[in-house]
Amino acid sequence: MTGEGTEIRAFDEAALAQATDLILAGQLVAVPTETVYGLAADATNGEAVARIYAAKGRPSFNPLIVHVPDLASAEKLGEFDAAARRLAEAHWPGPLTLVVPLLDDAGISSLVTAGLPSIALRVPAHPVMQALLRATGRPLAAPSANASGRISPTTAQHVFASLSGRIALILDGGPTERGLESTIVAVTDGRLRLLRPGPLLIEGAERTGSGDIEAPGMMASHYAPTKPVRLNATQRRDGEWLIGFGAITGDDTLSASGDLTEAAARLFACLHRADAQPVDAIAVAPVPDEGLGTAINDRLRRAAA
Ligand code: TXA
Ligand code: MG
């Protein structure tokens, strides 16, 4: 089945080879997991991750779950204490996501973690997602494969109805078993916090107080620079570090060519770099409020608030 450039292929060796080529080229592939279909991109490639947001039409950047084939791969990206390792050994592969401290040399795009010092990791049980993880050799960022505001897809046809024309390939592995997104548990200093309820009940994981969560499935603790941020700046003022865009050059740039995919990929790294400068304040050039620019501006407004 094909439509507007989006192909649904039953999973086999040839489909896996095509999916692998697409992922390694920085493109998106919809793939079944045991919970819901995910929209997968190479988590080490910021522009690939930016394409997830463009395809979903998501108006803001939230941290994404990174899928890996096994615990050993997860331990190359995040720091596992005894409590985290115990949960991983008990429930992986399976519908459990663990949020743990991000390792310095993980090599994950800062758009995946939305600039946070933590990472959400999951080892999925589905054979198709497992095959794609092993064939690509890349950690895969994958939110649910639906347009923003639509329900999560449990069949390839749901994905097609929502994202047709926006992605190249949907790997069809039949209906998903669970139909509900993974349980998310944060492990900090041996303490467990339930960030999102899901198919697995985890003993000892407490739902955090309402103050910690601003919307279902979303953390209140967003990365924000420590310095004041001034938006829509066309010139640097005294004591400022200017992050440029397009024709406004600045000290650094989101994208010299005015490319919104590149700007999204560079956003959090630019903010971190600006925050580390010996200056009093950060200024950011205007970014057009269209396409990915909407999500970029949402993040910039939060940083400036
Ligand atoms: O079942 C699932 O988990 C599906 C399938 C495709 O695997 N994936 C999924 O991914 O639901 P995603 O990326 O949409 O989940 C994102 C949620 C965020 O809303 C946030 O709650 C949490 O994961 N999250 C990700 N990184 C986090 C972090 N560093 N700290 C806290 N929460 C984080
Ligand atoms: Mg979703």
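The following legends describe close-up views of a predicted model. Local features require pLDDT of at least 70 and side-chain atom pairs pLDDT 80 or more, whereas totals for chains, interfaces and linings use all residues. Residues are numbered from 1 along each chain as its sequence is written, and side-chain values use heavy atoms, with hydrogens and water left out.

**View 1. Crossing of helices α2 and α7.** The axes of α2 (residues 46-56) and α7 (residues 260-275) come within 8 Å and cross at roughly 110°; helices are DSSP runs of H or I with at least four residues, strands are E runs of at least two, and both are numbered from the N terminus. Axes are lines fitted to C-alpha atoms, for helices over the stretch in contact, with angles from 0 to 180 degrees between N-to-C directions. Gly 46, Glu 47, Ala 50 and Arg 51 of α2 meet Thr 261, Glu 262, Ala 264 and Ala 265 of α7, where contact denotes heavy atoms within 4.5 Å. By residue class, this contact comprises 3 nonpolar, 2 polar and 3 charged residues; Ala, Val, Leu, Ile, Met, Phe, Trp, Tyr, Cys and Pro count as nonpolar, Asp, Glu, Lys and Arg as charged, and the others, Gly among them, as polar.

View 2. Of the 11 residues of α2, 8 are buried, and the helix is mostly covered; buried means under 20% relative accessible area, exposed over 50%, and partly exposed in between, with a 1.4 Å probe and protein chains only. Among the buried residues are Val 49, Ile 52, Tyr 53 and Lys 56. Their cover includes β4 (37-42), β8 (140-141), α6 (156-163), α7 and α8 (292-304).

**View 3. His 67 in strand β5.** His 67 belongs to β5 (residues 65-67) and is buried, with a relative accessible area of 3%. Beyond residues up to four places away in sequence, His 67 touches Arg 122, Pro 124, Met 129, Leu 133, Pro 139, Leu 140, Ala 141 and Ala 142.

**View 4. Ala 135 in helix α5.** Ala 135 is located in α5 (residues 127-136) and is partly exposed, at 38% relative accessible area. Leaving aside neighbours within four places in sequence, Ala 135 is in contact with Leu 16 and Thr 20. The C-alpha atoms of Ala 135 and Leu 16 are separated by 7.8 Å, although these residues lie 119 residues apart along the chain.

Definitions and conventions. Chains lettered and ligands numbered in written order.
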